[in-house]
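Hello,

Here is the structure we talked about handing over. Please look it over first; my notes follow.

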Amino acid sequence: MSEITKVALDAMGGDHAPHEIVKGAVNALREESSIHVFLVGREEEIQKELSAFDYDKSRIEIVNATEVIETAEPPVNAIRKKKDSSIVIGMKMVKDGQADAFVSAGSSGAILVGGQVIVGRIKGVERPPLAPLIPTEKGVSLLVDCGANVDARPSHLVQFAKMGSIYMEHILGVKNPTVGIVNIGAEEEKGNALVKETFPLLKEEKSINFIGSVEAREIPHGHSDVIVCEAFAGNIILKLFEGVGMTLINQIKKGMMNSLRTKIGALLVKPALKETLKTFDTAEHGGAPLLGLNGLVVKTHGSSKAKEIRNTLVQCVTFKNQRINEKIRESIQSD
């Protein structure tokens with residue numbers, strides 16, 4: 001029997017909490033036998049949601065937290081003042097070794113601050129980046145950073161590339177993953193000051209498979225396995241990617257309902273189309289880990305529903321089993 005992965009799940013974070021969060025936890029237990037979930041939040045509300053499900057009661061525990069950090073709150077003040085919030089308590093469980101991972105759809109700012117202040121960075125890691133998987137023509141690519149470090153330095157981006165390569169190789173099984181830096185052209189001399197300074201450093205880094213610049217239009221084609229950028233560009237790429245994906249899916253569905261002929265055609269292609277569109281559903285790929293911390297912290301979309309929560313919890317099992325934190329620590333500290 002595989003080792004149990006204990007996950008502290010913020011039951012109060014996100015637009016659809018606690019119902020969809022609790023539902024996702026129950027579904028994860030059905031899919032993965034080696035998960036134990038701590039639902040962190042207001043006990044009475046969580047218990048009410050759990051009462052609607054049939055589940056193995058030995059594998060879910062409620063950890064009471066009376067406070068909730070709202071999205072609009074200043075993150076530093078919220079982490080400092082709301083000691084009994086689901087985010088703070090969940091992260092302390094990771095720090096104290098009670099949980100292997102913390103997952104939340106709540107305040108991004110509070111998760112980023114809490115991850116560094118409470119869980120702490122691996123020695124040698126300058127800045128932990130958020131690293132979501134995004135769907136591409138070839139499968140998925142890792143976008144790193146997508147929201148944690150707006151004002152990054154060249155040395156930060158080099159570490160992003162190293163950590164992202166470890167993640168892709170050991171979580172996705174991609175051997176010698178390719179790394180590209182987001183740029184406005186293929187030529188090495190192009191780009192802003194950050195890109196121009198970082199490019200030669202990535203070329204010299206022997207531990208990664210750097211292939212040069214990647215333009216935004218090449219990202220959906222899967223031009224590189226790891227896409228490196230600072231968080232301002234990364235967040236724009238991620239949100240535009242998600243917005244265009246949702247728009248295309250909606251337009252395709254709308255077009256198929258235009259007439260009797262298109263409805264008949266839709267019935268014929270529905271199985272294949274459903275499978276194709278599924279690959280562009282970001283919920284299929286779990287959350288975005290904050291790489292380079294002493295424990296696993298994963299941020300899911302604020303709009304996360306049960307499917308994304310379930311997939312993120314399962315993702316935590318792979319992360320632990322593959323010893324990603326240990327591999328990042330070995331890579332960074334060997335420099």
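P18 sits in the loop between β1 (5-10) and α1 (19-31). Helices (H or I, at least four residues) and strands (E, at least two) are DSSP runs, numbered from the N terminus. The model is predicted: local features need pLDDT of at least 70, side-chain atom pairs count only at pLDDT 80 or more, and totals for chains, interfaces and linings use all residues. Residues are numbered from 1 along each chain as its sequence is written, and side-chain values use heavy atoms, with hydrogens and water left out.

The bond between A17 and P18 is cis, with omega about -5°. A cis peptide bond also joins V144 and D145, with omega about 25°. D145 is in the loop between β6 (139-144) and α6.

Most residues other than glycine have a negative phi, and most peptide bonds are trans. N176 has a positive phi, near 50°, and is not a glycine. Its loop runs between α6 and β7 (178-182). N176 is exposed, at 53% relative accessible area. Here buried means under 20% relative accessible area, exposed over 50%, and partly exposed in between (1.4 Å probe, protein chains only). R323, also not a glycine, has a positive phi of about 55°. R323 lies in the loop between α10 and α11 (324-333). Its relative accessibility is 38%, so R323 counts as partly exposed.

**Aromatic rings**

The whole structure holds 2 aromatic pairs. Rings of Phe, Tyr and Trp (its six-membered ring) pair if their centres lie within 6.5 Å; planes under 30 degrees apart count as stacked, over 60 as edge-to-face and the rest as tilted.

Y167 and F319 have ring centres 6.2 Å apart and planes at 50°, so this pair is tilted. Y167 is in helix α6 (residues 154-171) and F319 in helix α10 (residues 306-321), 152 residues apart. Y167 is buried at 1% relative accessibility. F319 is buried at 5%.

F199 and F210 make an edge-to-face pair, 5.1 Å centre to centre with 80° between the planes. F199 belongs to helix α7 (residues 193-204) and F210 to strand β8 (residues 209-214), so the pair ties together parts 11 residues apart in sequence. Both F199 and F210 are buried.

**Sheet and pocket**

An open sheet of 6 strands runs β3-β2-β1-β4-β11-β10, with mixed pairing. Two strands pair if DSSP finds at least two bridges between them. The edge strands, β3 (60-64) and β10 (288-289), each pair on one side only. Strands β4 (residues 101-104) and β11 (residues 296-299) are parallel and joined by 4 bridges. S104 has K299 of β11 as its bridge partner.

K299 turns up again in the second largest pocket: with S108, T300, H301 and G302, K299 is among the closest to the centre of the 38 lining residues. On a 1 Å grid over the protein atoms alone, a pocket is an open set of points where a 1.4 Å probe fits, with protein on both sides within 12 Å along at least five of seven lines; lining residues have an atom within 4 Å of a point. α8 gives the most to this lining, with 4 residues.

α4 (86-95) also supplies at least two lining residues. Of the 10 residues of α4, 8 are buried. G97 follows α4, with a positive phi near 80°.

Best wishes
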